[in-house]
Amino acid sequence: MSLASRLAHPCFPQPNNAQIKVWRYMDVSKLLWLLAQKKLYLARLDQLQDEFEGSSTRRTLDGIEKFLKGIGQESGFESMRRIYRESRAKTYVNCWYLGDAESEAMWRLYCPATNGVAIQTTYHKLADSIENEESVFLGRVTYADYETLHFRDSNLFYPVMHKRIAFAHENEVRLVRHFDSNNEGNQPLGVEVNWDPISYVDSIFVDPYASEYHYQAVRTAVATLAPDWSVEIQWSEMKATPVLE
């Protein structure tokens, strides 16, 4: 499937401005792995902390049950429930924060040990980076009230691209791959896609709560692993000194 077709998929809404910045917050070990392997890691959906990841909603399931009973398929409902459960173990995601400014909440959430970094690119470049990954989709997560939300059809990507309103501060975009396999119950915990940070990352920001030696260590590590990379490495803008009277 072409990149244009994947971006036009109804389950994957796109931002109005493709030049908006996207950020991935991580600890330094993940940055070093990315530089060394030149791959992005997509985690299995059912391994994420939020147990609602990939789940349907009560109104959606009630609608499916009513429809199936209406056409005389009393047992079809349990089959649909099983399909939703199995899909969570076959779907993999890589998550980014969408916004032109940094997020203090993301530093706290993804770098709690204050030894993190954030790589920053644009949505347009992130989309371009998966052009040759024909099974990887990209779009914005939609935040909704799961008590009233009803998915308009049974496409299994809808639950992947929706989260509860309580997570709206994540302002998330996701790379998504459905890894269809006959090895039921033996799916890998993660999958990888080729991704060269030198081609796509615009800047690296260092954790605002980190020490000076951490900042210097990040610079040294990047210079060692990618000596020809001229990427800008800078402190988080949150580290600025306040103006005091």
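A salt bridge is a side-chain nitrogen of Lys or Arg within 4 Å of a carboxyl oxygen of Asp or Glu. I began with this definition and applied it to a predicted model.

**Entry 1**

I looked up Glu104 and Arg108, whose side chains meet in a salt bridge with 2.6 Å from N to O. This distance falls within the 4 Å cut-off. I then asked where the two residues lie. Both belong to helix 5, residues 104–110, and they stand four residues apart, about one turn of the helix. Next I checked accessibility. Glu104 is partly exposed, at 31% relative accessibility. Arg108 counts as exposed because its relative accessible area is 51%, and the cut-off for exposed is over 50%.

How many salt bridges does the structure hold? I noted nine. One that I examined joins Asp50 to Arg164, with the closest N and O atoms 2.7 Å apart. Asp50 lies in the loop between strand 2 and helix 3 (58–70), and Arg164 lies in strand 7 (residues 162–164), so this pair ties together parts that are 114 residues apart in sequence. Is Asp50 buried or exposed? I recorded Asp50 as buried, with a relative accessible area of 10%.

**Entry 1: a salt-bridge network**

I turned to Lys163 and Glu172, whose side chains form a salt bridge at 3.8 Å, N to O. Lys163 has a relative accessible area of 5% and is buried. Glu172 is buried too, with a value of 4%. I then asked which residues are joined with this pair through shared partners. Salt bridges link Glu53, Lys163, Glu170, Glu172 and Arg174 into one network.

**Entry 2: the cavity**

The structure holds one cavity of 30 Å³ or more, and the volume of the largest cavity is about 30 Å³. Which residues line the largest cavity? I listed Leu45, Gly54, Tyr84, Ser87, Arg88, Leu156, Pro159 and Val160. By class, this lining has five nonpolar, two polar and one charged residues. I also looked up which helices contribute. Helix 4 (76–88) and helix 7 (157–160) each supply at least two residues of the lining. Helix 4 gives the largest share, three residues.

**Entry 3: a nonpolar surface patch**

Trp33, Tyr41 and Leu189 make a nonpolar surface patch of about 290 Å². I followed up Tyr41, which lies in strand 2, residues 39–44. Tyr41 is partly exposed, with a relative accessible area of 37%.

Most residues other than glycine have a negative phi. I therefore noted residues that depart from this pattern. Thr114 has a phi near 55 degrees, a positive value in a residue other than glycine. I found Thr114 in the loop between helix 5 and strand 4 (116–122), and Thr114 is partly exposed at 32% relative accessible area. Asn171 is not a glycine either, yet its phi is positive, about 40 degrees. Asn171 sits in the loop between strand 7 and strand 8 (172–178). With a relative accessible area of 23%, Asn171 is partly exposed.

**Entry 4: a pair of alanines**

I looked up Ala4, which lies in helix 1, residues 3–7. Ala4 is exposed, with a relative accessible area of 56%. How far apart are Ala4 and Ala127 in sequence and in space? I recorded 123 residues in sequence and 9.6 Å in space, C-alpha to C-alpha.

**Entry 5: the whole protein**

Last, I looked up the overall values. The protein has nine helices and eleven strands. Its C-alpha atoms fill a box of roughly 70 × 45 × 30 Å, taken along the principal axes. Of the 245 residues, 47% count as buried.

Terms used. Residues are numbered from 1 along each chain as its sequence is written. This is a predicted model: local features need pLDDT of at least 70, side-chain atom pairs count only at pLDDT 80 or more; totals for chains, interfaces and linings use all residues. Side-chain values use heavy atoms; hydrogens and water are left out. On a 1 Å grid over the protein atoms alone, a cavity is a set of points where a 1.4 Å probe fits but cannot get out, and a pocket is an open set with protein on both sides within 12 Å along at least five of seven lines; lining residues have an atom within 4 Å of a point. Grid points are joined across faces, edges and corners, and a volume is the space filled by probe spheres set on the points. Ala, Val, Leu, Ile, Met, Phe, Trp, Tyr, Cys and Pro count as nonpolar, Asp, Glu, Lys and Arg as charged, and the others, Gly among them, as polar. Patches are made of residues with over 30% relative accessible area and no salt bridge: like charges are joined within 9 Å, nonpolar side chains (Val, Leu, Ile, Met, Phe, Trp, Tyr) within 5 Å. Accessible areas come from the Shrake-Rupley method with a 1.4 Å probe; for residues, only the protein chains shown count as cover. Buried means under 20% relative accessible area, exposed over 50%, partly exposed in between (1.4 Å probe, protein chains only).
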